[in-house]
Amino acid sequence: MNLENRLRAKLAERQMAHRYRTRRIVGSPQGAILQEGGRPLLNFCSNDYLGLANHPLVVAALHQGAADWGAGSGASHLVNGHSAEHHALEEELAEFTGRERALLFSTGYMANIGVINALVGRGDRVLQDKLNHASLLDGGLLSGADFQRYRHNDMAHLRARLENSGADQQLVVVDGVFSMDGDMADLPAIVEASRANNAWLMVDDAHGFGTLGTHGRGTTDYFGLNQTQVPVLIGTLGKAFGTFGAFVAGSETLIESLIQFSRTYIYTTALPPAVAAATRASLRLLRDAEEGRQHLQQLITQFRQGCDSLGMALMDSMSPIQPLIVGSDAKAMRMSARLAELGCWVSAIRPPTVPEGTARLRVTLTAAHNSEQVDKLLEALNDAASQAGDEEVLP
Ligand code: PMP
């Protein structure tokens, strides 16, 4: 078939299924309010959980970083792109996470692909929670290891899989906070099950860093887990840190191995050093953002109580990710469109990103919001739900 015709047919199919993805053009920096097409919208879908993406000190560090280092790194880390700024950030991230060393990657997606593939291959086995982020699932699939998933947070299922293995080595991979449901992994049980079966454990805490634990040290800190218990720890910098990129934290041996063997580390251009400089500033702010974290928790409680009194069932999440499952794709789209008319930007997340029949409005709250804005969202959700028809709002 002719390429254009083939692609047009696939696009039409996606449109018919109400799964067509579109982008809206943002006309302002991140914050509680975004400009879109000349109108302000309350922003309830960003991962900038602490409002650092547009913090004056982070922006000033980015400016200064560009003045000191220019716009780009010029090469990969192993050629001559690894600047003193990158190196200092790695040392600070190691200290922050309580690990021996940390290593920067250009994105979380690449870190997850590159780390899994450096650790396991044919003859090994990767076990993942069914709701893990796409980058973890893709990393597992690409690795050539036997790739298996266990039911979401179902520890009996994980244990059964771990105990029943002929693999050379097993690697358990899990999100700290699940990106589409907002709940936390049962990490203490996963650590124990992995230890009992000599499996390695990798935790991607993209959504936990900055929001959970003392000084925002994330889900592993929240559960009091150290480097021996969670030897491979991933963080991303594009969420609560407010910048861009990702890191892996762990032992000296782990990090040296990744430098030798991780293809998405070796064969790609290093982050701009200015981004590393901005991230050093945001790390300092994130560590000290106790007030912001408290404020965020208050907004989360306010939102959950508000949904409760409106009869809208939320998922079991204490994180800033508060999805409202609406069921059908069409209903999620209708509600998202109505919310935009009412001045709230809440994205509809549909399959295949989430399981069939669980299309949802993925509300995210940030420390940049205030309580009036959350009230406004609740009002708008109430209106959108009543307009969207009688289809049940599922728990
Ligand atoms: N892991 C998780 C859990 C995520 O939610 C995301 C981003 N959506 C990533 C990894 C990918 O990180 P990045 O955006 O830096 O590629």
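Me: At what angle do helix H2 and helix H12 pack?
Reply: In this predicted model, helix H2 covers residues 56–69 and helix H12 covers residues 273–287. Their axes lie 7 Å apart. The angle at which H2 and H12 pack is about 150°.

Me: Are H2 and H12 roughly parallel or roughly antiparallel to each other, and why?
Reply: An angle over 145 degrees counts as roughly antiparallel. H2 and H12 pack at about 150°. The two helices are therefore roughly antiparallel.

Me: How many residues of the contact of H2 with H12 are nonpolar, polar and charged?
Reply: The crossing of H2 and H12 is right-handed. On the side of H2 the contact includes Leu57, Val58, Ala61 and Trp69, and on the side of H12 it includes Pro273, Ala277, Arg280 and Leu285. By class, the contact of H2 with H12 divides into 12 nonpolar, 3 polar and 1 charged.

Me: Which domains make up the protein chain, and how far apart are their centres?
Reply: Domain 1 consists of 18–50 + 290–387, and domain 2 consists of 56–287. Taken over C-alpha atoms, the separation of the centres of domain 1 and domain 2 is 27 Å.

Me: Which element gives the largest share of the side of domain 1 that touches domain 2?
Reply: In the contact between the domains, 18 residues of domain 1 meet 15 residues of domain 2. On the side of domain 1, the elements that give two or more residues are helix H13 (290–309) and strand E10 (321–327). The largest share, 3 residues, comes from E10.

Me: Is the crossing of H13 and H15 left-handed or right-handed?
Reply: The axes of H13 and helix H15, residues 371–387, come within 10 Å and cross at roughly 25°. These helices are therefore roughly parallel to each other. Leu299, Gln302, Phe303 and Gly306 of H13 meet Ser371, Val374 and Leu378 of H15, and by class this contact has 4 nonpolar, 3 polar and no charged residues. The crossing of H13 and H15 is right-handed.

Me: Which helix gives the largest share of the shell around the ligand?
Reply: There are 14 residues around the ligand, of which Thr107, Gly108, Tyr109, His133 and Ala206 come nearest. By class, the shell has 3 nonpolar, 9 polar and 2 charged residues. The largest share, 3 residues, comes from helix H5.

Me: Are H5 and H6 roughly parallel or roughly antiparallel, and why?
Reply: The axes of H5 and helix H6 (residues 134–142) come within 8 Å and cross at roughly 30°. An angle under 35 degrees counts as roughly parallel. H5 and H6 are therefore roughly parallel.

Me: Which residues of H5 meet H6?
Reply: The crossing of H5 and H6 is right-handed. From H6, the contact involves Ser135, Leu136, Asp138, Gly139, Gly140 and Leu142. From H5, the residues are Gly108, Tyr109, Asn112, Ile113, Ile116 and Asn117.

Me: What is omega for the cis peptide bond that joins proline 351 and proline 352?
Reply: Most peptide bonds are trans. Proline 352 is found in the loop between strand E12 (347–349) and strand E13 (359–364). For the cis bond that joins proline 351 and proline 352, omega is about 5°.

Me: What is phi of asparagine 153?
Reply: Most residues other than glycine have a negative phi. Asparagine 153 lies in the loop between strand E5 (146–150) and helix H7 (155–163). Phi of asparagine 153 has a positive value, near 55°.

Methods
Residues numbered from 1 in each chain as written. Predicted model: local features only at pLDDT ≥ 70, side-chain atom pairs only at ≥ 80, totals over all residues. Domains from an automatic or database assignment. Contact = placed C-beta atoms within 7 Å. Helix = DSSP H or I, 4+ residues; strand = E, 2+ residues; numbered from the N terminus. Axes fitted to C-alpha atoms, helices over the stretch in contact; angles between N-to-C directions. Parallel < 35°, antiparallel > 145°, perpendicular 65-115°, else oblique. Left-handed = near helix turned anticlockwise from the far one by under 90°. Nonpolar A, V, L, I, M, F, W, Y, C, P; charged D, E, K, R; others polar. Near = placed C-beta within 6 Å.
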